[in-house]
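Today I opened the notebook to look up two contacts, one inside a chain and one between chains. Here is what I wrote down along the way.

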Amino acid sequence: MFDTTMIMAILPEILMLILGLLVLVFDLIWKKRDGRDLGWLTAGGLLFILIVTAAIARPAESTLVFGGMIRYDMMSYVFKLLFIFGSMMTSFFMMDIEQLGKRGEAYILLLVATIGMSLMASSADLIMLYLAIETTSIPMYVLAGFMRDDEKSTEAGFKYLLFGAMSSTIMLYGFSLIFGFTGTTALTAITDFTLPLAVGIIFLMMVGIAFKISLAPLHFWAPDVYEGAPTPITGYLSTASKAAGFAVLLRLFLGLFPETSPYAPTWTMIMAVLATITMTLGNAVALSQTNIKRMLAYSSIAHAGYALVGVVSLSELGVGSVTFYLIAYVMTNLAAFGVIAAFSRVAGSDEISDYAGMSRRNPTLALVALVAFLSLTGMPPFGGFVAKVFVFAAAVKADMIWLAVIGVLNSIIGVYYYLTVLKVIYLHRMEGENEEAHPIPITRPYAIALTVLSFAILAIGIVFGPWFNIASSVAEGLF
Amino acid sequence: MNAVPVNYYIILSAILFTIGALGVLIRRNALVIFMSIELMLNAANLALVAFSSANAQLDGQIFVFFIMTVAAAEVAVGLALIVAVFRTKKSIDVDQINVLKG
Amino acid sequence: MTVFIILALVAIITALGMLISRNAVYSALFLVLNFATVAVFYLLLGAPFIAITQVTVYAGAIMVLFLFVIMLLGTDELEDTDNLTWQRPLAIGLAVVLVVEGIYLMLSQNTLGFITTPSEDLGSPQAIGDMLFSKYLLPFEATSILLLVAMVGAIVLTVKNKKGEQS
């Protein structure tokens, strides 16, 4: 009954679970240790899992395993690697954060959330999908509220839980209707694309997904949660968690309402409108933010809008470009949040105005900030530029030129607020202070992670061919 | 037992779901909001079991079984978060929980 | 049919009771009644195993936990304030969608068929067990991870640090 394909299909999940249990046991029995042991264990373990998975778990063809529960294909492979990478970077960022980095529980929560995301990206069944979403969400609620003596953190966790539970319940109601009208929960077994009440089902599922990837008008939780949660967790939430949401979006909508379905124009139209609102609103509100975490929250809302443009074009190129966009976005945003975490750990502030003189306080960190923010802006030669080009190209090819135009206009608005931050970092000075007297030391975990991320952003931006081939192979499996 | 159309069950579940959603939207007590979410989950469960019987497919009941497990986990974490919020703020009125400006 | 209508009325009234009660304890008790009614529906629908799970998990565990927290925090009475801004349009929108769905289901009478006496072994514990440990093995394992992590999470958020975490 068991064969190697089945083991390979869930190899990363098994390894991550083992790692999580190791962390938990290690936390209990090993008393004499310096603070970072658990962090290094997690990060090292994840690096090992990343290499092993990349080397031996690459699927040859798309197969269904575990009674049709999950799919073992390129899409799950690529997204799993992305999640494991993101989780590794997050554990680097977590290590030196007070009250977070020394707690074994934080790492096991992170690992289980990653397991959940991996299952989300590979689910082929509604039951598995629902469980995977909850396996991701529940640890994330706890992580967002982890600093339980901090008013903001507990509030963030609480809000995230309330809105998260509500939206997944609404999505669940949609699932129950799908089961009712088709008599099956397997996404692959649903071949009748003319469901009764299809518009209602689309609406219910859209609510759940729009919440997960923070599309307007269901984005309102994101800035609050992003601001209150510990910074490394915010970085993880805004990248890996969002990428997992997109994976579900692709699986669900391309599985239930593919091109051939009469409802395909309906949902793509709704999403095109949502993408427009999301991009515009995210960028417009980001302009007036003074807290950098809130600003990046609105910026990440806008980025969800850009990525959605690729989904709307409903083509192989479109899906490939979304995947590419997500890869570039995960690297870039993680770097941005890494910089913020490293800065606020020393400076104790997330206000943009306090970043004045940072280029003198730590030139290297300022350089990473430059790379990250320029990539978010969409400047060549960084990853963000190529990603935007692909997404907008997909929209143009699908005869949605208006959407591409809106996207480009929004990118221009984006330039303004990203460059404002860089201006504060590079041109403003601390008032009446000598910046050299207030250095911002960065510890080794930050140094490693930020170096890796900076090079990754450059690598994606300059040598984009291989990356795009990987992204396209994901798309081929879905059409 | 006389026959009951499945539609009736689904309509009942839709009504319960709406009441739950209204509870989430109009109540201010965090605990009652959380209870309303449980009511919504329950409505989805009822629909699933009804569909399961109508289609003579067991999958719906299995789904409900898993949903109950998830609900238990969610409640445990949710109530822990509510307790944590209450410790820092001494209130569970969602209008008081607004240090972070939305 | 009569049984259904009576039970449905009980379910709706208890749900409304939960919604309207000012006192959180009453809300919780109304919800327990509602869950019990739904458990009876499960029996009528031929799902005895789910019905028992409903009673033990929802009424037995979840609602007890709710009551415990209400008592612990001592926040059973809470005046509702009236500043609802964005919630109202959303509530109306949601209600409209569900009403439309209801009407649709009314009009499309019996496309889904009737539920008569359900077969004995459809929802039997044995049938459910068979499926859980064959087709649904992977989700079952996933729930075990989920429960573990929920436990860890609840402990992290509530238990006091013994060592004082001087770091």
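**Entry 1: between the domains of chain A.** I asked how many residues of domain 1 of chain A are in contact with domain 2 of chain A. I found 44 residues of domain 1 in contact with 49 residues of domain 2. I kept in mind that this is a predicted model.

Next I checked which elements of domain 1 give two or more residues to that side: they are helix H4 (74–94), helix H8 (198–212), H9 and helix H10 (231–256) of chain A. H10(A) brings the largest share, 14 residues. Sorting the domain 1 side by class, I got 29 nonpolar, eleven polar and four charged residues.

**Entry 2: the domains themselves.** I went back for the bounds and noted domain 1 of chain A as 1–256 and domain 2 as 258–479. Taken over C-alpha atoms, the centres of these two domains of chain A are 21 Å apart.

**Entry 3: chain A against chain B.** Then I turned to the other contact, where I counted 32 residues from chain A and 33 residues from chain B. On the chain A side, I listed helix H6 (126–144), helix H7 (151–182) and helix H9 (221–228), each supplying at least two residues. Which helix gives the largest share of that side? My note says H7(A), with 17 residues. By class, the side of chain A that touches chain B came out as 15 nonpolar, ten polar and seven charged residues.

**Entry 4: a cross-check.** I looked for H9 of chain A in both lists: H9 is among the helices that touch chain B, and H9 is also among the elements of domain 1 that touch domain 2.

Methods. Residues are numbered from 1 along each chain as its sequence is written. Chains are lettered from A and ligands numbered from 1 in the order in which they are written. This is a predicted model: local features need pLDDT of at least 70, side-chain atom pairs count only at pLDDT 80 or more; totals for chains, interfaces and linings use all residues. Two residues are in contact if their C-beta atoms, placed from the backbone, lie within 7 Å. Helices (H or I, at least four residues) and strands (E, at least two) are DSSP runs, numbered from the N terminus. Ala, Val, Leu, Ile, Met, Phe, Trp, Tyr, Cys and Pro count as nonpolar, Asp, Glu, Lys and Arg as charged, and the others, Gly among them, as polar. Domain bounds come from an automatic or database domain assignment.
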